[in-house]
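Open your viewer and keep the sequence panel at hand. We will walk from the whole chain down to a single residue.

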Amino acid sequence: MEQKDLEYYLNLEYQITISKMQENEGGGYSACIEQLGKYAFIGDGETVKEALEDLKEVKEILFAEYLEKGIPIPEPDH
């Protein structure tokens with residue numbers, strides 16, 4: 001069986017949910033991958049683009065950690 005590396009998982013296309021945050025939550029936008037854990041795989045920013053870039057960084061950090069610890073990473077279910 002081929003070992004799936006960080007690059008493999010980073011290139012998968014997970015469904016991302018974009019939400020506008022309320023002003024009392026700081027405003028801006030959040031982007032999350034609910035399939036992987038909407039409270040873990042989440043990024044935020046002043047714009048949608050910033051939220052997506054933040055999520056990309058979070059995804060890379062968490063995937064690397066999961067691979068190191070042997071935690072299974074589900075593939076997109078679409």
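The model is predicted: local features need pLDDT of at least 70, side-chain atom pairs count only at pLDDT 80 or more, and totals for chains, interfaces and linings use all residues. Residues are numbered from 1 along each chain as its sequence is written, and side-chain values use heavy atoms, leaving out hydrogens and water.

**Stop 1: the whole chain.** You will find three helices and three strands, in the order α-β-β-α-β-α from the N terminus. Here helices (H or I, at least four residues) and strands (E, at least two) are DSSP runs, numbered from the N terminus. The C-alpha trace spans about 50 × 25 × 20 Å along its principal axes.

**Stop 2: the charges.** Next, colour Lys and Arg as positive, Asp and Glu as negative; His and the chain ends are not counted. There are 7 positive and 18 negative side chains, and the centres of the two sets lie 2 Å apart, with each charge placed at NZ of Lys, CZ of Arg, CG of Asp or CD of Glu.

**Stop 3: helix α3.** Select residues 48–69, which form helix α3 and include Val48. Across the 78 residues of the chain, 28% count as buried.

**Stop 4: the patch.** Finally, select Ile16, Ile18, Val48 and Leu52, which make a nonpolar surface patch of about 260 Å². Patches are made of residues with over 30% relative accessible area and no salt bridge, with like charges joined within 9 Å and nonpolar side chains (Val, Leu, Ile, Met, Phe, Trp, Tyr) within 5 Å. A salt bridge is a side-chain nitrogen of Lys or Arg within 4 Å of a carboxyl oxygen of Asp or Glu. Areas come from the Shrake-Rupley method with a 1.4 Å probe; for residues, only the protein chains shown count as cover.

Technical notes
Buried < 20%, exposed > 50% of the residue type's maximum accessible area, 1.4 Å probe, protein only.
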